[in-house]
Amino acid sequence: MDILEEKKNKNKPYKPILEDIPDWPVYQLSKNRNEFINEVTQHAIVRIQALRPQRKQLIDDLEATVYREQNRIKRNRWRADPKDDSKFWSGIKNELVELGNKSQEEADKAASKILEKIVHRYASEIAGNFKQTSYKFARSIIKFGFLRLLNGTRIKKFGAFFRNRYTLRDKIQIVGKVKMIRQLARQGTVVMVPTHFSNLDSILIGWVIHSMGLPAFIYGAGLNLFNIKIIAYFMNSLGAYKVDRRKKNLPYLETLKMYSNLAIQKGAHSLFFPGGTRSRSGNIEKQLKLGLLSTAIEAQRSLYMAEGVPKKVFIVPVTLNYHCVLEAPEMIEDYLHVKGQDRYFPEQDRYGSFGMIKFLFKFFTNPSSISVSIGPGLDVMGNYVDEKGNSLDATGRIIDTRDYFISNGDLSIDRQREDEYTRMLSQRIVIEYHKINRVFASHLVAFIAFQMWQKKYPKLDLFSLLRLPEEELELDYQEFKLVFKRVRKVIYKMKEEGKINFATHLKGKSDLAIQWGIDNVGVFHLNRPLVKNKKGNIITKDLSLLYYYQNRMVGYDLEQFI
Amino acid sequence: MTLSSSSDKPVGVIGAGNFGTVIANILAINRPVLLYARNQHTVKHINQKRENRKHEIHSNITATHDLAQVARECDVIFPMVPSEHFRAMMKVLAIHLQPYHILIHGTKGFDVTVPSGESINSIAKLDRHMVKTMSEVIREESVVVRIGCLAGPNLSKELAQRQPAATVIASHFDEVILIGKRLLRNDRFQVYENRDIVGVEIAGVLKNIIAIAAGALSGLGYGENAKGLLVSRGAVEMIYLGRALGGDVKAFLGVAGIGDLVTTCNSPLSRNFTVGYRLAKGEKLQHILNDMSEIAEGINTVRIAKKCADHYKVRALITDRLYKVLFEGMTVESALEFLMRFPLSADIDFI
C-alpha cells in the first residue's frame, strides 16, 4: 500500500513574499475599514444612480428591496444576520411611504438619503474584519491543531501527539504553478477562483494561500458559513468578506461588486468561488456566476485608466480535489430533488460547530488526502501570462491587455463590452478547471462503476436508474478491471495532451489503484458508494452518492470508452 | 463614442473579389479604404486603372499587397475572403493583429478541419468541433475578440448600381455593431443589427444550398409554384440544420435568413444559382466549375451540411438529394421526384 500513498511533498515551505503583515494590502484595507466602507458606499451609489437615472425607477427598486428584505426576515432568518434587521427595514419602509407627501425636490433628496442608508448598511455587512493578531492566532491554531491531530491519530500513541512525523503538507498536496503565482503576486493583484465542493474549501484555501507564502487574500465567503461559529471565527480572521446569496436586490449586488472592484484596485489579492455555491451535483462547475467575475475586469480597466504605472490583475483558476465530500449525501439529494421536480429548496447547513469538529476529526484521522491544483495565471481576458506577467497570445507573442479596452485609439468604458468579456473569461476558467483537475482513483472507479451500470440498463433514465434496488447491482471484478485499464489509458493520453491531470496514486498496478479508489471514495459516509463483496465483485450501498462522485469525471467525453 | 479621433484612419478590406470590391466602394463613401488583394497584378491594376472586376473604384480606395500594412494602419478591418482560404489568410494576418482591432467579415461559408488522415470527401460524418464559422476561425487564429459579421441579400451587381438594399451586422458587441453601421450606412444601404452572430453566419451559409436547388428548379423549367415550395421548405430545413449547429431560430427569420434566401433563389446572377441551373441542364459539375471565375460556396456547403445532418440526425431532405446530385451522379429529375413523393405532414413545427 505504501507505494500508492502520495509521494511526500519534497518542496520546502515557501517563504512569505511580504514579511510584515502591515505591508499586506488586506491589512491596509481593514486598518482603514471605515474609510473603505464609505468609499464603497459612495461609488456604489453613483453606479446605482447611473443604472436608475429616474427617481421613479430608483424608488421602485428601493421598494422592491424593502419588500424582499422583510420577506427574508420573515421566512429565512440566519444566526449571522444583524440583530436590528427588522427594525432597520421597517424604518426604511416608513421613510419610503413618506416620500409620497413630499415635493419633487425634497423627494429626490430623501430618496438619495434612503439609498445611501441602505448601501452603507450593506457595505458594512459585507466588509471583512481582518485583524493582525487574530490572523496570526487563527493561522497557528490551524497549523498547530491540525498538525497535532494528524500526528496523534495516525501514530496512535499518546507521545506521538507532539512529534512532527506527518505534516499538513503531506496531507494536502499543492500542485501546479505555485512559483508562478508567487511571482505574479509580487507584480500585480491576484484573483484566485477555485472550484467549490465543500464548506471545508474556504478554510482549506486559506491555509493553502498561507503555505504558498502569499499574504492573506480577501475572500468572498457565503454568509451561511458565518452561521457556524467556529468557521465564522476563522473566516473573519482570515480576511473574508461576506456574500449573502439571499439578497438579490440591485443595491446589494452593486455594493458587493463595488466592494470587490475597489479592493482589487487597491491591490488586495482576492478570492471568490465563481460557481457561486457548492456544486450540488458533484460536477466541475460549467456555468459560473458573472457578478464578481466582472469586477476583476472592471477593476483592471479602471487601473489602466488611472494615472501612474498600471497594476495588472491576474486570474488564477484552482481546483480542489477530495476523495470524500462531507456534505455529499445532502447535496446530491437536493440536486436530484430539484432536477426531478424543478422545485426550489432553501439553503441550509446541517452542521453546527460540533458537526464540523466531528468532521474535521474524521478528516484528519483518515489517510485520505486532498489535493489542490493551482492553475496557470491568466490575464482578465483569459490569455496565459508569462512569469513577468506579460499576456501571451496562442503563439506566445506578447500582447497588451490594455488594448482590449481601446476603442478608436482611446481607453473607453463600455459596460456591454465588459459584460461580454466577463462571459468569455468565465468560459476560459471552466476550460482551465478541466485541464488542471486532478483525477483521483476514487473519482475514476466511481465513474466507471456508475457508467457500467448505466450501460447495463440503457433504457432507464437517471431517476429510474437511481431507484433500482442496490442489491441488484453487482459488477464482475474482472470486467470492471478491464474497463478501468482502458479508461485509465485514455486519461494518460489526455494528460499528455494537457487536457487533464491525475494523482500519482492512479498509476501503477491496476488492482492496487482500484483498491485505493474503492477504499477512499466517499470514505466518511455511512453508506459507502462502492465496496467489494465476498466474491470480490463490486457493489454499491448508495447509488445516488456514487452518482455524485462519478459526476466529477463528466465533461471529458470518457463515456464512450466504457 | 465618436469616430472623430480616428476618422482619418483608413478602414481595411481584405479580398478584392466581387463582394470585397463592392463593400470597399460603399465604405469609401465615408472613409479612406485600404483594399488588400492577394494578387500583385490586381493591386497595380486597381491603383492605376481605378477599376476591378468591371467595378469602378472609388477615389478613397488604395489597393495594397501588404497585410501588415492593413493591420498597422486600420483599426477596423473587413475580411471578405472565400471560406476555403479564410483560415490561411487569418494565420498570416494574425501576427499583425492586436486586441484593439475590430474584424467584421462577410464570408458565407464554413471552415472544416478534419482529423489527420481524413479528408472532407472521405470522412463519413462531421460534427461541430470540425465545422467552424468564420467568426470562430478569427477567434481561434487571432487575439481579436471584437468580431462582427455581415450578411444579407447583397448581390454585388445590384449594390454596385446603388440599388436599395439592406444588410445585417451581427456581433456580441454593441460597439462593433455601431461602428459597422456608421461605416456602411448610406441613403441606399440600410443596416440592421443582430446579437446572434453564429445564427446569422449559419443562416448566410445554409441559404447557399437552397440557392443551388432554386437554380436546378429553374433549369428544369419550372415556375413560381415550385419556387414557393422550395423557399418555404428550404427555410424550414435551414432552421433544422441551423439549430443543430448552434444558431437561434430568430436569425433565420431575418434579413440574413429569409431575406437572403428569397434574393438568392430569384437571382440568376448568383453563382450558386448558376451551378444548379447548369446541373439541371445536364452539365457535369467539373465542367461547370472550370469556367467559373469565383468559388460557388454552396457546393462545399452541401457537402458539409449533409455530413453534419447525418451526425446530428437532422432530417434535411433537400440537402441530402443535392449531395447525391452533386457528388454521386444522381440526376436532378430523380432527386426532385424523390422529394415530391416523400410523405411529409407538419408544415411548421419549430416555433
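Biologist: In strand 1 (residues 11–14) of chain B, which residues are buried on one side and which on the other?

Modeller: This is a predicted model. Both faces of strand 1 of chain B are covered.

Biologist: Why is helix 11 (residues 255–265) of chain B described as largely enclosed by the rest of the structure?

Modeller: A residue counts as buried if 20 or more other C-beta atoms lie within 10 Å of its own. In helix 11 of chain B the buried residues include Val255(B), Leu261(B) and Cys265(B), and also Asp260(B). Helix 11 of chain B is largely enclosed because the number of its eleven residues that are buried is nine.

Biologist: Which element gives the most to the side of domain 1 of chain B that touches domain 2 of chain B?

Modeller: Chain B is divided into domain 1 (4–197) and domain 2 (199–341), and the C-alpha centres of these domains lie 24 Å apart. The contact takes 33 residues from domain 1 of chain B and 34 residues from domain 2 of chain B. On the domain 1 side, the elements giving two or more residues include helix 4 (83–94), helix 5 (134–141) and strand 12 (189–194) of chain B. The most, four residues, comes from strand 11 of chain B.

Biologist: How do the residues on that side of domain 1 of chain B divide into nonpolar, polar and charged?

Modeller: The side in question is the one that touches domain 2 of chain B. Its residues divide into 17 nonpolar, nine polar and seven charged.

Biologist: In chain A, which are the edge strands of the open sheet?

Modeller: Seven strands of chain A form the open sheet with mixed pairing, in the order 1-7-6-2-5-3-4. The edge strands each pair on one side only. They are strand 1 (172–176) and strand 4 (240–243) of chain A.

Biologist: At about what angle does helix 8 of chain A run to strand 2 of chain A?

Modeller: Helix 8 (residues 178–187) of chain A lies across strand 1, strand 2, strand 6 (313–322) and strand 7 (370–374) of chain A. Helix 15 (residues 415–436) of chain A also packs on the sheet, and its direction makes about 40° with that of strand 6 of chain A. For helix 8 of chain A and strand 2 of chain A, the angle is about 140°.

Biologist: Which element gives the most to the side of chain A that touches chain B?

Modeller: In the contact between the chains, 15 residues of chain A meet 14 residues of chain B. By class, the chain A side has four nonpolar, five polar and six charged residues. Strand 10 (406–407) of chain A is one of the elements giving two or more residues. The most, four residues, comes from helix 15 of chain A.

Key. Residues numbered from 1 in each chain as written. Chains lettered and ligands numbered in written order. Predicted model: local features only at pLDDT ≥ 70, side-chain atom pairs only at ≥ 80, totals over all residues. Pairing = 2+ DSSP bridges. Contact = placed C-beta atoms within 7 Å. Axes fitted to C-alpha atoms, helices over the stretch in contact; angles between N-to-C directions. Domains from an automatic or database assignment. Nonpolar A, V, L, I, M, F, W, Y, C, P; charged D, E, K, R; others polar. Buried ≥ 20, exposed ≤ 12 C-beta atoms within 10 Å, placed from the backbone.
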